[in-house]
Amino acid sequence: MRDRITFILNNQVEQVSGIAGDTTLLNWLRQTRGLTGSKEGCGEGDCGACTVVVARRQADGTMRWHPVNACIQFMGMLEGVSVTTVEGLRTGGAGGNMQDGALHPCQQVMVDHHASQCGFCTPGFVMSLFAAWCNGEGLEPAEIDTTLAGNLCRCTGYRPIVDAAASLEVRAIPPVFERQRRETEASLMAAIAHDETVCLTDGRRSFTAPASLDGFLQSFAQSQDVTIVSGATDVGLWVTKQNRNLPNMIWTGRVRGFDRVERRGAHWRIGPAVTHEAAMSTLAKGRPDLGEVMRRFGSAQVRASGTVCGNIANGSPIGDLPPMLIALAAEIELVGPASNRRLSLDAFFIDYGRQDRGVDEFVSGVLVPVTPTPLFRAYKISKRFDQDISAVLGAFNLTVSEGRITSARLAFGGMAATPKRAAAAEAALTGAPLELASFEAAAAELAVDFTPITDMRASADYRLQVAANLLLKYGLDVTGAPVPRLTGAGLSADDLRAAAPGAG
Ligand SMILES: Cc1cc2nc3c(=O)[nH]c(=O)nc-3n(C[C@H](O)[C@H](O)[C@H](O)COP(=O)(O)OP(=O)(O)OC[C@H]3O[C@@H](n4cnc5c(N)ncnc54)[C@H](O)[C@@H]3O)c2cc1C
Ligand code: FES
Ligand code: FES
């Protein structure tokens, strides 16, 4: 077992040892390395001022550059990767031939478009642009809001920033300095790759990053008071916001094969380290609504680190994926020293903070049926369109034969202590004709199914009303009425105006 991590920082090899396992990348960059270009705004993944770019080799062997919130990234998660901070752009990075001190194109466009005032948010925006520029995607006008949704600016206003992004030239063949930077990055990453378990510790708090399943099971079994970490987009906040003491963390993110999405018979199997970004295209295939909710899941930074299994394992009643996956009849796999079992996802959630998972078990995968689900729909209601947790999420799935509903799966987030199916509403729909009146009758049953709470996101009355409205919207949608959508393939603004009462 190695007691140090090895990674690439701005195209130079770094080794770090003897630090607490819960040290965040942002604190280390700023306090230990004096790299203060990355800022701390919120310390909880919301503002993007701390964005850096992490390059990882994907399961298919290609390289991808991820925007990452350094404030909730633990140092142990860097084993073997390449990190670029805003300081690494200024010099073009070691191996690049940009003139020392020259601005990178992602910085120059911000200057050219007057896209910075106080400058606090600017390094974060630049790094989000840099990730998109490296990947050669996300810079079309229709995509820029999504690319930058995880970066907040409080003084410039977004128009000049969006203009700057839109002006960035993304070339299929990158400029020479960038090709050289990537070659150096790739060869350094190859040179430091290894298969040993790594454990970063100061003797009081440890972070273990095993490379194999055996290593993971061994470290998991041997550790006392252990916390499993996947993307740390929840666990990171336990440290930075709740000051929780996590003596031993063990990370799924480096285990060989854990990042795999694969076909297993009638299911897609999503491994424990598969991020939202990596899972999105598979899960959303033929289910545009699911893709739309995932696009609004956190931000590019959160989707690049946060995992599908982490969203389920945390047991939150307002997680976005569980209700959608329950409506799709997904299953979950759990593995421990003496167990290897599979259960339906709705059975996994027992009560608030309680899931059907033994202390020695971990979530080893999620199984999502491949079967087409043409009547699947999902609607997310949150206070803010992007980068916000749901107040209520409704996910619905029907099978219909000869004009009658033969089965109904209606699942809600934000309505109970767990993500939960609406049993009475489902019963009202099953066997009923596929017509709006059936959905009206089912919507009335939601008051039997749920007694929601009032909290800062929504009142109990609002939640019940909005849940009923979502079911009615679904009824309209699947019975052929034109249903407005916020984005995606729905009615255009002109269509909506024409459909409004009194429109001529
Ligand atoms: C800015 C921001 C925006 C967000 N927006 C959204 C949003 O729009 N919708 C939403 O649903 N969530 C949102 N979240 C919450 C979070 O991103 C998700 O819940 C995410 O999927 C968690 O995954 P993770 O891999 O980061 O989990 P982690 O933080 O690593 O872990 C979460 C929990 O799951 C446990 N765990 C993780 N993996 C396993 C495993 N394989 N087996 C057993 N236990 C495990 C951990 O011990 C911990 O209890 C947001 C978070 C942030 C910071
Ligand atoms: S400091 Fe706000 S996202 Fe990291
Ligand atoms: S320029 Fe001041 S916060 Fe964005």
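This is a predicted model: local features need pLDDT of at least 70, side-chain atom pairs count only at pLDDT 80 or more; totals for chains, interfaces and linings use all residues.
Ligand 1 is surrounded by 31 residues. Those that come closest to ligand 1 are G45, S230, G231, G310 and N311. Sorted by class, the shell around ligand 1 holds 15 polar residues, 12 nonpolar residues and 4 charged residues.

The biggest contribution to the shell around ligand 1 comes from α13, which gives 4 residues. Seen at the level of domains, the shell takes at least three residues from domain 1 (5–195) and at least three from domain 2 (261–369).

The other feature to visit is a pair of helices, α10 (residues 276–283) and α11 (residues 288–295). Their axes approach to within 9 Å and cross at roughly 165 degrees. Because angles over 145 degrees count as roughly antiparallel, α10 is roughly antiparallel to α11. The crossing of these two helices is left-handed. On the α10 side, the contact is formed by H276, M280 and L283, while α11 brings L290, G291 and M294. By class, the contact between α10 and α11 consists of 4 nonpolar and 2 polar residues, with no charged residues.

Note on methods:
Residues are numbered from 1 along each chain as its sequence is written. Chains are lettered from A and ligands numbered from 1 in the order in which they are written. A residue is near a molecule or strand if its C-beta atom, placed from the backbone, lies within 6 Å of it. Ala, Val, Leu, Ile, Met, Phe, Trp, Tyr, Cys and Pro count as nonpolar, Asp, Glu, Lys and Arg as charged, and the others, Gly among them, as polar. Domain bounds come from an automatic or database domain assignment. Axes are lines fitted to C-alpha atoms, for helices over the stretch in contact, and angles run from 0 to 180 degrees between N-to-C directions. Angles under 35 degrees count as roughly parallel, over 145 as roughly antiparallel, 65 to 115 as roughly perpendicular and the rest as oblique. A crossing is left-handed if the near helix is turned anticlockwise from the far one by less than a right angle, and right-handed if clockwise. Two residues are in contact if their C-beta atoms, placed from the backbone, lie within 7 Å.
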